[in-house]
Protein chains: 2
Amino acid sequence: MRYRAGLETRDKILDATRRLITEAGLESTTIKAICDRAGVLPGSFYNLFDSKEQAIVTVVREAIEAVDPDPQHLGRDTLAALVEAYIVFITSQADLAGVYIAIAVSGTRNNPDLRGRFLRHHEGRVERFAAAIEREHPEMETEETTRRAETLVSALNGIALHRVLDPNFDVARHGRALLSGALTPD
Amino acid sequence: MRYRAGLETRDKILDATRRLITEAGLESTTIKAICDRAGVLPGSFYNLFDSKEQAIVTVVREAIEAVDPDPQHLGRDTLAALVEAYIVFITSQADLAGVYIAIAVSGTRNNPDLRGRFLRHHEGRVERFAAAIEREHPEMETEETTRRAETLVSALNGIALHRVLDPNFDVARHGRALLSGALTPD
DNA sequence: TTCATCTTTGAGTGATCATTCTAATTTGAA
DNA sequence: TTCAAATTAGAATGATCACTCAAAGATGAA
């Protein structure tokens, strides 16, 4: 490998960006703030990224990918496993979870790219949940499984949202409660 | 009434602020943007508000108060009525609902005042929901009713959050689905 | 050791931010 | 109609924003 110095700087910048978005919000994630925290100067930042936007999008893509782990289970996962995976994501990757929620709210209003990316991801996520429900309840109609999956995924995001506000919020307990409520008859 | 002109300008500014936060996010809610939309100049803005912060806090307080209507029902409302009230709030006061969610995420990180205000409001809301659950299920322990209320309120916020991203999201249907799942045995 | 290439430095750019100020205009009680 | 008080106009301030650039320094293949 040639010139690894630049790669390390890149990591430091992405790490700083990730933590800043979670701790201070998108609004406060300025070039200066990123560089201060990464111990780097603006010139170095722009040597590695074309724009502030690019660094943020990189981190956001990271977060979106981290939400859905184990793609090799696709088509075989249980609903409970999907919920547990999200709980693990929120609790063990708090920085990325913070990015995910921050983007869901602030990031998607002025940035069509982020908005599209997020909505496409959400859609795929709902489908994965719906498929799991259908596997466990073959008698249920497709429209119904989709609707229940939408409710569950959105509700889980609500849990993640509250966790950002209150680090003591018991994500596991509330997430599992939603799971057991998700398949109740109307 | 003397000098009503100022009051009208104040309304125009608050209205512009409300819509801007919902449509473009806190980040894009600048003095210039507010004034342009309100058809007013910065001098007029600062004649009526001490700071941009003050206008935003005014709108946020408005939103927080609008979430919980009919305080005269306090101590008598059913869980279903509370959920319906939130559904009505989200669908019929989209601007304020957008403000509410935007603040929940971006507003509370750097602003301890907003953060405290939001968390206090959330706590009161959970208590109100818990009391309704307890009334309908007297056999349930207090700790249990609180936990279920926390799950439900956070999950409802998740529904509201998704509605901000997708205006076609069927808030009523998903909100009611959460209600029926909220009292399922573990 | 040489030297082309990669990387960092840090001052500097124009744009835009929240906010201020003074002068002009409008208001409404008298 | 008068006039003090309320309100608006609009240019100006300094701070901070994202971003650029030329020069210095570090790197590693030969």
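1. Within what distance do the axes of helix H5 (residues 79-92) of chain A and helix H7 (residues 112-136) of chain A come, and at roughly what angle do they cross? In this predicted model, they come within 8 Å and cross at roughly 145°. Axes are lines fitted to C-alpha atoms, for helices over the stretch in contact, and angles run from 0 to 180 degrees between N-to-C directions.

2. On the H5(A) side, A:Leu79, A:Leu82, A:Val83 and A:Tyr86 meet A:Arg125, A:Arg128, A:Phe129, A:Ala132, A:Ile133 and A:Glu136 of H7(A), contact being heavy atoms within 4.5 Å. Seven of these residues are nonpolar, none polar and three charged. Here Ala, Val, Leu, Ile, Met, Phe, Trp, Tyr, Cys and Pro count as nonpolar, Asp, Glu, Lys and Arg as charged, and the others, Gly among them, as polar.

3. Residues are numbered from 1 along each chain as its sequence is written, while chains are lettered from A and ligands numbered from 1 in the order in which they are written. Local features need pLDDT of at least 70, side-chain atom pairs count only at pLDDT 80 or more, and totals for chains, interfaces and linings use all residues; side-chain values use heavy atoms, with hydrogens and water left out.

4. Chain A contains nine helices and zero strands; helices (H or I, at least four residues) and strands (E, at least two) are DSSP runs, numbered from the N terminus. Its C-alpha trace spans about 60 × 35 × 30 Å along the principal axes. Of the 186 residues in chain A, 50% are buried, that is, under 20% relative accessible area with a 1.4 Å probe, protein chains only.

5. Confidence is expressed as pLDDT, the predictor's value for each residue from 0 to 100. Chain A has a mean of 90, with 96% of its residues at 70 or more. Its lowest confidence falls in helix H6 (residues 94-110), at a mean of 83, and its highest in helix H2 (residues 31-38), at 97.

6. In chain B, the axes of helix H4 (residues 52-67) and helix H7 (residues 112-136) come within 11 Å and cross at roughly 5°. The two helices are therefore roughly parallel to each other, a term for angles under 35 degrees. The contact includes B:Val57, B:Val60 and B:Ile64 of H4(B) and B:Leu114 and B:Phe118 of H7(B).

7. B:Arg18 lies in helix H1 (residues 4-24) of chain B and counts as buried because its relative accessibility is 16%. Beyond neighbours within four places in sequence, B:Arg18 contacts B:Val59, B:Glu62, B:Asp95, B:Leu96 and B:Val99.

Conventions
Parallel < 35°, antiparallel > 145°, perpendicular 65-115°, else oblique.
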